[in-house]
Amino acid sequence: RVKTKDKEQRRVMILLGAIVFLLIVIIFSSIFYIRSTRPMRQARNEAIEIAQKYTDLKEVDQFYWFNRQASSFSLVGTDDKENKIVVIIPKSGEKVSVFKQSDGLTEEAARQLVAEKHPEETIQKATLGLFKEQAAWEIMTKDASGELHYYLLGFKDGKEINAINNI
């Protein structure tokens with residue numbers, strides 16, 4: 001009878017130890033995640049603040065952080081008249097560009113153009129920003145051998161501006 005009690009206590013201690021270990025892992029994972037996403041959240045909040053200074057942006061549907069020649073932040077959302085707009089802000093915060101979404105490609109349309117032109121590649125990511133002072137979609141794809149490809153499409157006409165292949 002004493003041996004069974006000792007076994008039960010040992011099981012309870014092992015179970016408590018496992019629970020404490022899992023809690024520690026969860027807490028540290030949460031802290032790591034929060035810290036690693038802080039720059040993105042901060043950039044998004046600052047971009048919204050700047051956009052609301054220069055536009056009638058009411059609601060933000062999408063945020064993009066674009067890094068090509070220079071960094072820029074883009075917001076796709078709705079203005080106070082319920083029009084879909086695109087706001088592109090250089091990292092410096094100067095010279096904010098505003099477009100009607102209807103005057104250019106949506107993310108889905110840009111993805112579709114690349115998918116049609118390069119059906120053997122899988123689209124990984126789409127980002128909107130400024131390239132040589134022109135609004136552009138950057139579509140990143142991956143081929144069967146794992147190589148990455150970057151395609152820059154003009155926001156207004158969808159024409160390929162630049163391509164970087166086999167990275």
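## Close-up views of a predicted model

**Overview. Surface and layout of the protein chain.** The protein chain exposes about 11,200 Å², and carbon and sulfur atoms supply 55% of that area. The model is predicted. The chain holds two helices and eight strands. Their order from the N terminus is α-β-β-β-β-α-β-β-β-β. The radius of gyration is 24 Å, well over the 15 Å that the globule rule gives for 167 residues, so the chain is more spread out than a compact globule. The C-alpha trace spans about 80 × 45 × 30 Å along its principal axes. Of the 167 residues, 34% are buried.

View A. The patch covers about 1,100 Å². Its members are Val 12, Met 13, Leu 15, Leu 16, Ile 19, Val 20, Leu 23, Ile 24, Ile 27, Phe 28 and Ile 31. Val 20 lies in helix α1, residues 2-54. Val 20 counts as partly exposed, because its relative accessibility is 47%, between the 20% and 50% cut-offs.

**View B. The largest nonpolar core.** This core has 17 residues. Val 86, Ile 88, Leu 128, Trp 137, Ile 139 and Phe 155 touch the most other members. Two or more residues each come from β3 (84-90), α2 (107-117), β5 (122-131), β6 (134-142) and β7 (148-154). A second, separate core has twelve residues, including Ile 48, Ala 51, Ile 85 and Ile 89.

**View C. Surroundings of Trp 137.** Leaving out residues up to four places away in sequence, Trp 137 touches Tyr 64, Leu 105, Thr 106, Glu 107, Ala 110, Ala 126, Thr 127, Leu 128, Tyr 151, Leu 152, Leu 153 and Phe 155.

**View D. The salt bridge of Asp 61 and Lys 84.** The whole structure has six salt bridges. In this one, the closest N and O atoms are 2.4 Å apart. Asp 61 lies in strand β1 (residues 57-67) and Lys 84 in strand β3, so the pair ties together parts 23 residues apart in sequence. Asp 61 is partly exposed at 35% relative accessibility. Lys 84 is also partly exposed, at 44%.

**View E. A salt bridge between two loops.** Lys 95 and Glu 133 meet at 3.4 Å, N to O. Lys 95 sits in the loop between β3 and β4 (97-100), Glu 133 in the loop between β5 and β6. The two are 38 residues apart in sequence. Lys 95 is exposed at 63%, and Glu 133 is exposed at 70%.

**View F. The salt bridge of Glu 160 and Lys 117.** The closest N and O atoms are 3.3 Å apart. The pair links strand β8 (residues 160-164) to helix α2, across 43 residues. Glu 160 is partly exposed at 36%, whereas Lys 117 is exposed at 53%.

Notes. Residues numbered from 1 in each chain as written. Predicted model: local features only at pLDDT ≥ 70, side-chain atom pairs only at ≥ 80, totals over all residues. Heavy atoms only, no water. Patch = residues over 30% accessible without salt bridge, like charges linked within 9 Å, V, L, I, M, F, W, Y side chains within 5 Å. Areas by Shrake-Rupley, 256 points an atom, 1.4 Å probe, with all protein chains shown as cover. Salt bridge = Lys/Arg side-chain N within 4 Å of Asp/Glu carboxyl O. Helix = DSSP H or I, 4+ residues; strand = E, 2+ residues; numbered from the N terminus. Buried < 20%, exposed > 50% of the residue type's maximum accessible area, 1.4 Å probe, protein only. Core = buried A, V, L, I, M, F, W, Y, C linked by side-chain atoms within 4.5 Å. Contact = heavy atoms within 4.5 Å. Rg over C-alpha atoms; globule rule 2.2 N^0.38 Å.
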